[in-house]
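Please read it alongside the sequence and the model displayed below.

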Amino acid sequence: MPDVIAGISIRHCCDKHDPALFVSFDMGVFDKANVAFAHCLWDAGLWWFALPALFAVSTVELLLYWLGPKGKMGKMKR
């Protein structure tokens, strides 16, 4: 995601969310990080973008955990 949306910086939201994506192998941890990301966007004044962003990061999560290197399918490919 870009660092600025509609003139509002969301870098601080990404900085809190990204470690869960890169470090965790626990889907529950990442789910909580996604919701916290959406809350951060809302609090930053991007209430209209919070739900679409939650959908986007959750979709990426599913792909990473289902097909990617963190999921069962990714482990089978190794």
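**Briefing on the predicted model**

L54 is partly exposed, with a relative accessible area of 23%, a value that is not under the 20% limit for burial. The model described here is predicted. Its secondary structure consists of four helices and two strands, arranged from the N terminus as β-β-α-α-α-α.

- The protein has 78 residues, and 33% of them count as buried.
- Its accessible surface is about 5100 Å², with carbon and sulfur atoms supplying 72% of that area.
- Among contacts with a separation of 6 or more, 51% join residues 24 or more positions apart.

**Helix 1**

- A bend of about 30° occurs at H17, and the proline P19 follows within four residues.
- The buried residues of this helix are C13, C14, H17, A20 and L21.
- An α-helix has 3.6 residues a turn, so residues three or four places apart point the same way.
- The cover over the buried residues of helix 1 includes helix 2 (27-43) and helix 3 (47-66).

**Nonpolar cores**

- The largest nonpolar core contains 13 residues, and those with the most contacts inside it are I10, C13, F37, L41, L46 and F49.
- Helix 1, helix 2 and helix 3 are the elements that each give two or more residues to this core.
- A second, separate core has five residues, including A20, L21, A33 and Y65.

**Disulfide and cysteines**

- One disulfide is found in a search of the whole structure; C13 and C40 form it, with their sulfur atoms 2.1 Å apart.
- A disulfide is a covalent bond between the sulfur atoms of two cysteines.
- The C13 and C40 link is left-handed, with -80° about the S-S bond.
- The pair connects distant parts of the chain, with C13 in helix 1 and C40 in helix 2, 27 residues apart.
- Both partners are buried: C13 has a relative accessible area of 1%, and C40 has a relative accessibility of 11%.
- C14 takes part in no disulfide, and the nearest cysteine sulfur, that of C13, lies 6.6 Å away; this distance is not within 2.5 Å, so the two sulfur atoms do not qualify as a pair.
- C14 also counts as buried, at 5% relative accessibility.
- Apart from neighbours within four places in sequence, C13 contacts F37, C40 and L41.

- L54 is found in helix 3, and residues up to four places away in sequence aside, L54 touches N34, V35 and A38.
- The C-alpha atoms of L54 and V35 are 6.8 Å apart in space, although the two residues are 19 residues apart in sequence.
- E61 also belongs to helix 3, and E61 is buried because its relative accessible area is 2%, which is under the 20% limit.
- Neighbours within four places in sequence aside, E61 is in contact with M27, F30, D31 and N34.

Terms used. Residues are numbered from 1 along each chain as its sequence is written. This is a predicted model: local features need pLDDT of at least 70, side-chain atom pairs count only at pLDDT 80 or more; totals for chains, interfaces and linings use all residues. Side-chain values use heavy atoms; hydrogens and water are left out. Buried means under 20% relative accessible area, exposed over 50%, partly exposed in between (1.4 Å probe, protein chains only). Contact means heavy atoms within 4.5 Å. Accessible areas come from the Shrake-Rupley method with a 1.4 Å probe; for residues, only the protein chains shown count as cover. The bend at a residue is the angle between axes fitted to the seven residues ending there and the seven starting there. A nonpolar core is a set of buried Ala, Val, Leu, Ile, Met, Phe, Trp, Tyr and Cys residues joined through side-chain atoms within 4.5 Å.
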